[in-house]
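This report describes a single protein chain, moving from its overall make-up to selected contacts inside it. Please keep the sequence and the structure in view while reading.

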Amino acid sequence: MTVGRLASRGALKERGLSGSEGTTDGQVVRAVLAGDTERYAELVTRYRDRYARYAARMLGSADEAEDAVQDAFVRAFDQLAQCRDPDKFVGWFFLILRNRCFAERRRSKDVAPLEAAGAVAAPERPEVPVETAERRRALQHALLELTPEQREVFVLKHVEGLSYGEIAERLGTSVPSLKMRMHRAYDRLREQLRDRA
């Protein structure tokens, strides 16, 4: 089975799997390690969209995000035997994707183009007043100016809705450290928004 088929939703339909059968990540990982490699598609289906949003907000591009997520799933599949706790697959996968996003940001070193700002925050709704839409665009542009570390904690807290404790666990850092990073992100956002006003 190719990686492309692993990542396709069609692979699940062919096997009659929906990914919502009540199996845990650990059960799926153990099945894959035991030789049922097609079950990996369940994990891809469970987490692809969620982490594509994270990657898009980190990279500022939906296309780059899709590449990063696909690459992270391939790496996770290739290194699945190194996942020490199969029940915590999602945290282990997140670190692979996070490293991939940070590597991509280091490679590009350029500030993301303004057109990419739309990928940083939720899409605009047509019923939103023009003034609100303009403020949202200004915020999106300001988010692109944050350091990757600042943007990451902002996205995980305010977009993904994770608590500081959950973020600390995922990133392997302390809550006070995250709060300091967030404080710096807020300061930088205020400065950027003031400059754009």
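## Overall make-up

Of the 197 residues of the protein, 44% count as buried; the coordinates come from a predicted model, and the values below should be read with that in mind.

The secondary structure consists of 10 helices and zero strands, and the order along the sequence is accordingly written α-α-α-α-α-α-α-α-α-α. Among the contacts in the protein with a separation of 6 or more, 65% are between residues 24 or more positions apart.

## Aromatic pairs

A search of the whole structure finds 12 aromatic pairs. Because Y47 belongs to helix α4 (residues 40-59) and F89 to helix α6 (residues 89-108), the pair ties together parts that are 42 residues apart in sequence. Both Y47 and F89 are buried.

The rings of Y51 and F93 have their centres 5.8 Å apart and their planes at 70°, so the pair is edge-to-face. This pair, too, links distant parts of the chain, with Y51 in helix α4 and F93 in helix α6, 42 residues apart. Y51 is buried at a relative accessible area of 2%, and F93 is buried at 0%. Ring pairs join Y47, F89, Y51 and F93 into a cluster that also includes Y40, Y54, F73, F77, W92 and F94.

## Packing of α9 and α10

Helix α9 (residues 164-171) packs with helix α10 (residues 175-196) at an angle of about 105°, and their axes are 9 Å apart. Since angles of 65 to 115 degrees count as roughly perpendicular, that description applies to α9 and α10. On the α9 side the contact is made by Y164, G165, I167, A168 and L171, while α10 contributes V175, L178, K179, R181 and M182. The residues of this contact divide into seven nonpolar, one polar and two charged.

## The surroundings of Q150

Q150 is placed in helix α8 (residues 148-159). With a relative accessible area of 10%, Q150 is buried, because the cut-off is under 20%. When residues up to four places away in sequence are not counted, Q150 touches R181, R184, A185 and R188. R181 is also one of the α10 residues that make the contact with α9.

Terms used. Residues are numbered from 1 along each chain as its sequence is written. This is a predicted model: local features need pLDDT of at least 70, side-chain atom pairs count only at pLDDT 80 or more; totals for chains, interfaces and linings use all residues. Side-chain values use heavy atoms; hydrogens and water are left out. Axes are lines fitted to C-alpha atoms, for helices over the stretch in contact, and angles run from 0 to 180 degrees between N-to-C directions. Helices (H or I, at least four residues) and strands (E, at least two) are DSSP runs, numbered from the N terminus. Angles under 35 degrees count as roughly parallel, over 145 as roughly antiparallel, 65 to 115 as roughly perpendicular and the rest as oblique. Contact means heavy atoms within 4.5 Å. Ala, Val, Leu, Ile, Met, Phe, Trp, Tyr, Cys and Pro count as nonpolar, Asp, Glu, Lys and Arg as charged, and the others, Gly among them, as polar. Buried means under 20% relative accessible area, exposed over 50%, partly exposed in between (1.4 Å probe, protein chains only). Rings of Phe, Tyr and Trp (its six-membered ring) pair if their centres lie within 6.5 Å; planes under 30 degrees apart count as stacked, over 60 as edge-to-face and the rest as tilted.
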